[in-house]
Amino acid sequence: MHTFKLPDIGEGLVEAEIVSWLVAEGDPVGLDEPLVEVETDKTVVVMPAPVAGIVVRHGAEAGETVAVGAVLAVIDDGSGSFENDDAGSTPSETDDLPEHREEDPPLVGSFGKGSTILGPRTEGSGESGNPVLALPLVRKLARDQGVDLAALTGTGPNGRITRADIMGAVEQKADMAVPASAPHQLSQVVAAGSDSEVVPMTKLRRTIADRMSRSWAEIPRVTTFDDVDATRLLQARKALSLRHGQNVTLEALVVKAVVPVLGEFPEFNATVSGDEIILHRRYHIAVAVDTPNGLMVPVVHNAGELTVLEIAGEIMRLSAGASDRSLVADDLSGGTFTVSNIGAVGGGHGTPIVPLGTTAILSVGRARDSAVVRGEAVVVAPMMPLSLSYDHRVIDGALGRKFMARLMENLAEPALFLV
């Protein structure tokens, strides 16, 4: 018997949600054949069977969350025994497997005689004196948000506290801080009824919501706006695409233009860690991508070492992978600065949210013909909106304007950065 535990499938990931089982309990599965589809904070992954055999039991149902290291499935591979991490434990037969009861806590460890079915680590108790059930990632979120787990009633399986419970408590605290004259809260106004439809958030949408909420709560954000004459930039894009027979996207040129500016103003390529500011020496530029499943932000790693054609090719690869959710965790991790081209969907100026772990984000709008004064003449030129949001703990307003001014010089004259 083989016990298949959820492996660490990405940098910093501690859990995954079961999207669907591709092999039912009692059915055979071959080595490396698709077994289960799981969704992490960042991507959807089809996990193959590590051995051939009969799928005896699923470790969780579709829609449930499994921690890294917890039992994902048990497969009868004909060995007659199954692995057990507990020293001195005795292998057991299939009949020794515990029944999967509704009242069982989330499983962590191995099935079988001598093994232990453990609940999540206890941090205090609820009013009933029972242990508080919550996954490690949820506990960390509670600590970050200053929420007391013992004061909550979990809405997850077996009373487990979920991220939604944490964020609900955060919103409740915020509501209590709002003056009595404030408008009614949304939840009061739009309570579900016969004319409404309740649609559960996907894991990706919950992840987006969590990160946006944390960024809004933790980062004092300032946004500065401007417009740049994009005549030369659009001409350069067209010339490069024709010369090399490759679609050179506007994002690629913007990334190429922003890298030297980040080198000149390192505070914009940084991370706040406690009382310290970490200035990154490499330029991992995240590029926001609108997908049918929601916003995803893959990363062009080491953009400072790539040509504009290489950056364009990498952005095309990442955009396609984001759309079909085939990217690996590394493709979605480690960004040090973000570029968002809302012009691709018709946008102009905006107020982009600074991604957690970074200090700034640049939003680029659609260039539109406008009247521009050149010398003593008024001409028509494509003006491109720029919106730069930054962490005001690190970057003052004057520095923000200097960054924007230097970036506009590059975007207005590509010869300054296409070297």
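Strands here are DSSP runs of E, at least two residues long, numbered from the N terminus. The model is a predicted one. By that reading, E17 belongs to strand β2, residues 15–21.

Start with E17. Its relative accessibility is 12%, and the cut-off for buried is under 20%, so E17 counts as buried. The E17 side chain makes a polar contact with the side chain of R206, at 2.5 Å. Leaving aside residues up to four places away in sequence, E17 touches E37, V38, E39, G63, E64, T65, K203 and R206.

Two of those names lead on to helix α4, which covers residues 203–218. The helix has 16 residues, and at 1.5 Å a residue they should span 22 Å. The end C-alpha atoms are 22 Å apart, which agrees.

Which residues of α4 are buried? They are K203, L204, T207, I208, D210 and S215. Viewed down the axis of α4, the buried residues fall within an arc of 165°, so they line one face of the helix. An α-helix has 3.6 residues a turn, so residues three or four places apart point the same way. The face of α4 turned away from the buried side carries W216 and A217, both exposed.

Next, a sheet. Four strands form an open sheet in the order β1-β8-β6-β3, with antiparallel pairing. Strands β1 (2–5) and β3 (28–29) stand at the edges; each has a single partner strand, so one side of each is left without a neighbour in the sheet. Strand β1 is joined to β8 (residues 71–76) by 4 bridges, and the two run antiparallel. Within that pairing, F4 has A73 in β8 as its bridge partner.

Strand β16, residues 337–341, has parallel partners. It pairs with β12 (residues 285–287) in the parallel sense over 3 bridges. I285 stands opposite F337 there. Another 4 bridges join β16 to β17 (residues 360–364), again running parallel. In that pairing T338 stands opposite I361.

How many residues of β16 are buried? The count is 5 of its 5 residues. In a regular strand the side chains alternate between the two faces of the sheet. In β16, F337, V339 and N341 sit on one side and T338 and S340 on the other, and both faces are covered.

F337 also opens the way to the aromatic residues. Together with F265, F268, Y390 and F403, it forms one aromatic cluster. The model holds 5 aromatic pairs. Take F268 and Y390: their ring centres are 6.1 Å apart and their planes are at 70°, so the pair is edge-to-face. This pair links distant parts of the chain, 122 residues apart. F268 is in the loop between α6 (250–264) and β10 (270–273), while Y390 is in strand β19, residues 377–391. F268 counts as buried, at 0% relative accessibility. Y390, at 2%, counts as buried too.

F268 has another ring partner. The centres of F268 and F403 lie 4.1 Å apart with planes at 20°, so this pair is stacked. F403 is in helix α8 (residues 397–412) and F268 in the loop between α6 and β10, so the pair ties together parts 135 residues apart in sequence. Both F268 and F403 are buried.

Note on methods:
Residues numbered from 1 in each chain as written. Predicted model: local features only at pLDDT ≥ 70, side-chain atom pairs only at ≥ 80, totals over all residues. Heavy atoms only, no water. Phe/Tyr/Trp six-rings, centres within 6.5 Å; stacked < 30°, edge-to-face > 60°. Buried < 20%, exposed > 50% of the residue type's maximum accessible area, 1.4 Å probe, protein only. Pairing = 2+ DSSP bridges. Polar contact = N/O pair within 3.5 Å; in protein donor to acceptor, adjacent residues only side chain to side chain. Contact = heavy atoms within 4.5 Å. Expected span 1.5 Å × (residues − 1). Arc of directions from axis to C-beta.
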